[in-house]
Amino acid sequence: MQTRYDTILVLDFGGQYCHLIGRRIREHGVYSEIVPHDITPAEIEALNQKFNVKGLILSGGPASVYEPNAPRINPKVLELNLPVLGLCYGHQLIAQIVKGKVSPATCREYGIAEVNIDKAEGMLKGLENKETVWMSHGDTVSALPPEYEVLAHTESCPVAAYRNEQKAIYGLQWHPEVIHTKKGTLMLRNYIFEVCRCEANWKMEDLIEKMVKEIKTEVSEAKAIIGLSGGIDSSVATALAAQALGDKLTAVFVDHGFMREGEPEAIKETFEKFDINFVMAKAQQRFMEKLKGISEPEKKRKVIGEEFIRVFEENARQSGAEYLLQGTIYPDRIESGFRKNSDVIKSHHNVAGLPSKMDFKKIVEPLRDLYKDEVRKVAVMLDLPRELVNRQPFPGPGLAVRIVGEMTEEKVSITKKADAIVRQEIEKSCVAEKLWQYFAVLTDTKATGVKGDSRAYGYVVAVRAMESREAMTANFARIPYPVLEKISTRITNEIPQVTHVVYDITHKPPATIEWE
Ligand code: XMP
């Protein structure tokens with residue numbers, strides 16, 4: 001394994017897409033580390049002993065450069081003779097530091113925008129006169145000192161991209177890391193290879209070795225349990241942990257009662273074939289008890305997160321395990337708001353849903369910096385069964401985050417049936433393979449219908465089908481009407497308590513994928 005990879009450091013200003021920048025760089029075979037925004041030149045120098053630091057990127061973030069406590073950089077970082085790229089907030093911050101003019105927000109520009117490329121040079125090489133980009137900003141850069149040239153503008157943003165050619169400093173008001181920026185990959189490739197002159201000397205296999213080594217080092221001679229949900233993340237984490245720990249590892253699958261129809265049985269069958277200690281903890285009743293009377297979504301997530309841990313603790317006591325391993329991935333952490341400058345979107349059960357006191361020496365999360373599709377690549381490299389690699393993501397709290405409001409046995413049963421119908425009909429059509437997730441949500445709205453010749457008053461079920469690459473952004477899928485019609489007819493015919501079926505046509509953002 002090569003140790004001194006060419007590396008681009010991403011300075012984290014709390015933007016939702018900050019980590020995605022790192023991942024886009026890795027996609028080009030170049031290593032990337034996310035570092036705090038206030039990293040000092042000395043700390044960068046220290047990192048340079050370990051990596052070959054070839055460039056910096058300042059991420060976006062929710063703050064305005066005008067706020068008194070807005071996160072800043074040490075200005076000396078711009079004097080290190082390293083290429084620097086500022087994105088969105090980073091773009092505004094550099095402009096402010098070099099004494100350009102940044103105008104405060106009058107209105108927010110948000111979403112897809114058309115940008116005029118004035119000079120297709122440097123990191124904008126190969127772009128057309130007009131390009132589609134993804135922007136989300138309030139403040140705007142309107143003027144810069146003479147050593148900076150404007151590379152692009154939009155109607156409302158006179159300096160949408162700039163560079164200081166001599167110092168290799170760039171700023172983009174838009175987000176090249178988000179797939180809605182059509183040529184974002186080309187822009188980043190230009191920055192990585194033309195501006196920073198990196199060599200692509202990093203690969204995914206190195207990561208597997210690094211993760212196995214990390215588990216071995218953390219757990220050492222002790223025993224560990226791993227929370228296994230049967231989803232791709234925890235299955236990959238289990239495969240890595242099995243390599244690292246062998247029979248010192250016990251995988252615990254918690255059946256909380258909110259799994260999809262037939263799923264607990266399928267998971268048991270799959271993992272009993274693996275050469276690992278596998279335990280299925282039946283916990284349906286205790287989860288339901290704990291959730292009684294709770295309808296607030298964040299509260300539900302926290303209760304579920306805590307109960308998971310209590311079940312794990314009981315199993316750890318039985319097997320003598322001191323460590324808990326989890327398949328937490330990066331988007332779980334970002335949405336749970338684990339960084340200084342970012343917001344909590346929702347408390348993923350395995351991150352912000354965890355109780356403050358836990359009977360474990362440590363929680364080890366080998367996949368914490370990966371995105372789902374990177375995890376899928378690791379799964380293929382580890383030779384995991386195809387049905388696991390291709391399984392659609394399913395949240396740890398299961399159907400509980402797809403039942404709006406308080407949980408009851410009846411609601412769980414309705415949701416399981418509706419979900420099975422959605423899956424069957426979508427999988428029968430040829431659209432399934434293009435989709436990230438597809439499922440049914442039981443809303444807490446009731447509506448009038450007519451069944452047979454009688455009035456019926458029943459639940460409204462929402463169908464959700466999303467396309468995405470890594471769940472940070474997602475688009476609702478344009479499911480053909482005949483498939484939706486079949487789903488609607490079957491749900492209302494086969495589930496007496498449901499009178500209406502609606503289709504959710506909201507992208508993420510502004511919505512999230514799950515309803516709770
Ligand atoms: P949202 O709803 O935040 O979902 O757009 C993004 C992705 O994460 C999954 N998800 C979870 N996964 N524990 C998990 O393991 C959770 O608490 C959780 N909440 C959401 C969701 O299914 C989607 O793929």
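The model is predicted: local features need pLDDT of at least 70, side-chain atom pairs count only at pLDDT 80 or more, and totals for chains, interfaces and linings use all residues. Residues are numbered from 1 along each chain as its sequence is written, and side-chain values use heavy atoms, with hydrogens and water left out. The protein is divided into domain 1 (6-195), domain 2 (205-389) and domain 3 (408-503); such bounds come from an automatic or database domain assignment.

**Domain contacts**
- Domain 2 and domain 3 have C-alpha centres 28 Å apart.
- In contact are 13 residues of domain 2 and 13 residues of domain 3 (contact means heavy atoms within 4.5 Å).

**The parallel sheet**
- Five strands make an open sheet, ordered S14-S13-S12-S15-S16, with parallel pairing.
- Strands (E, at least two residues) and helices (H or I, at least four) are DSSP runs numbered from the N terminus; two strands pair if DSSP finds at least two bridges between them.
- Strand S14 (277-282) and strand S16 (362-364) are the edges; each has a single partner strand, so one side of each lacks a neighbour in the sheet.
- From one strand to the next, the twist averages 30°.
- Axes are lines fitted to C-alpha atoms, for helices over the stretch in contact, and angles run from 0 to 180 degrees between N-to-C directions.
- Strand S15 (residues 323-325) pairs with S16 over three bridges, in the parallel sense. Leu324 has Ile363 of S16 as its bridge partner.
- Helix H5 (residues 204-219) packs on the sheet and touches strand S12 (224-227), S15 and S16. The direction of H5 makes about 160° with that of S15.
- Helix H7 (residues 263-272) lies across strand S13 (249-255) and S14, at about 165° to S14.

**Nonpolar cores**
- A nonpolar core is a set of buried Ala, Val, Leu, Ile, Met, Phe, Trp, Tyr and Cys residues joined through side-chain atoms within 4.5 Å. Buried means under 20% relative accessible area, exposed over 50%, partly exposed in between (1.4 Å probe, protein chains only).
- The largest core has 122 residues; Val236 and Ile426 touch the most other members.
- Helix H6 (residues 232-245) gives this core its largest share, eight residues.
- A second, separate core of 33 residues includes Val115, Cys157, Leu172 and Trp174.

**Helix H13**
- H13 (residues 409-428) has 20 residues and reaches 29 Å from first C-alpha to last, close to the 28 Å expected at 1.5 Å a residue. The expected span is 1.5 Å times one less than the number of residues.
- Its buried residues include Ile414, Ala418, Ile421, Val422 and Ile426.
- Among the elements covering them are helix H8 (284-291), strand S17 (437-451) and helix H14 (481-494).
- Beyond four places in sequence, the residues that Ile426 touches include Leu435, Tyr438, Ile479 and Val483.

**Ile403**
- Ile403 sits in the loop between helix H12 (386-389) and H13.
- Ile403 is buried, with a relative accessible area of 0%.
- Beyond four places in sequence, Ile403 touches Lys300, Lys411, Val412, Thr415, Leu442 and Glu516.
- Ile403 and Ala440 are 37 residues apart along the chain, and their C-alpha atoms are separated by 9.1 Å.

**Helix H4**
- H4 (residues 184-195) has 12 residues and reaches 15 Å from first C-alpha to last, close to the 16 Å expected.
- Buried residues of H4 include Met187, Leu188, Tyr191 and Ile192.
- Their packing partners include strand S1 (6-12), helix H1 (18-27) and strand S7 (130-137).
- Arg197 follows H4 and has a positive phi, near 55°.
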